[in-house]
Amino acid sequence: MTDRPKHRLSVTVTRRLPEPVETRLRELFDVTLNESDTPMDAATLGAAMKSADVLVPTLTDEIDQKLLAQAGERLKLIANYGAGFDHIDVETARRRGVLVTNTPGVLTEDTADMTMALILAVPRRLAEGVALIQSGEWGGWSPTALTGRRVTGKRLGILGMGRIGQAVARRARAFGMQVHYHNRRRLHGDIEAALEATYWESLDQMLARMDVVSVNCPHTPATYHLLNARRLKLLKPTAYLVNTARGEIVDENALTRMLVRGELAGAGLDVFERAPAVNPKLMAQPNVMLLPHMGSATEEGRIEMGEKVIINIKTFADGHRPPDQVLPSML
């Protein structure tokens, strides 16, 4: 266990958090808040890491090796506000004696809800329907207007069968979809049976046979562009792609080219490879539903994330290992 400060912990929070979370942080710690909610640049982050015992970053903060080299001796904990930690150089932090924690689990159901919403919305062409109404050009009901595809009976291929992937599977089964999955490790037989899920050891073979593919794996060096141009071309032209995980997992340029050429039926994306930038050609496609990374955006979920951050900091302050410490085996 790293040495912990003996004084009231100095905590710097990089973005605005829900009011109940900020209030509790003020009660417990000597906290510095980002009142403007403007993402911190590298210089501001570096300054914060020199003076704080604990940094509470979010996914908009790139905590890389260069930035960690600027950290002061006081910094002992990076309590990330979020489940993903691909924006933090965890290994460099570990070598510098800085613990890293995250907030897993609390966003599972919210993200799975949004994933299922996209799985339903894209084949049924909801975005096109909304656009038609808002344009004022809708002329009334027609037997052939905006006909989409039903999801009942279709094959759903889930890429990444962790907490969120399994929650998506439960929802998909309720809508009568056939659940298939590819994962780094096969699930226990009891879980497979409960989800009525079919495991594919070969990602390529699964992709070629699915009607809908949902990306639910974390972004790691191993999953960067896991769905590259070659793998995307394996998808059937009638298939749909949904991504609520991380934009970097999908080669966005290759996906855009396929959608423009009509080589894919549609896509539902809540995340982007170069967020907040979005490929203009992607935005121009009528069969694509784009959301501003709101998969986990519920008031309940955001507050629960903050509560986990506070528990991790408080546990560390009490001299114990935080419950949500990011371990090397998770990288």
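Tutor: UniProt positions are given here in the numbering used for this chain, with shortened feature names, and such annotations may be inferred rather than shown by experiment. In this predicted model, local features need pLDDT of at least 70 and side-chain atom pairs count only at pLDDT 80 or more, while totals for chains, interfaces and linings use all residues. Residues are numbered from 1 along each chain as its sequence is written, and side-chain values use heavy atoms, leaving out hydrogens and water.

Student: Which residues does the annotation "domain: D-isomer specific 2-hydroxyacid dehydrogenase NAD-binding" cover?

Tutor: According to the unreviewed UniProt entry, the annotation covers residues 116-295.

Student: What does the domain assignment of the chain give?

Tutor: Domain bounds come from an automatic or database domain assignment, which here gives domain 1 as 10-105 + 298-330 and domain 2 as 108-290. The C-alpha centres of the two domains lie 31 Å apart.

Student: How much area do domain 1 and domain 2 bury between them?

Tutor: The size of an interface is often given as the accessible area lost when the parts come together. With a 1.4 Å probe, and summed over both parts, domain 1 and domain 2 bury about 550 Å², 37% of it on carbon and sulfur atoms. In domain 1, Asp86, Gly105 and Thr298 lose the most area to domain 2, together 65% of what that side buries.

Student: How many salt bridges does the rule find across this interface?

Tutor: A salt bridge requires a side-chain nitrogen of Lys or Arg within 4 Å of a carboxyl oxygen of Asp or Glu, and the rule finds 1 across the interface of domain 1 and domain 2. Arginine 246 forms a salt bridge with aspartate 86, their closest N and O atoms being 3.4 Å apart.

Terms used. Buried area = accessible area lost by both parts, 1.4 Å probe.
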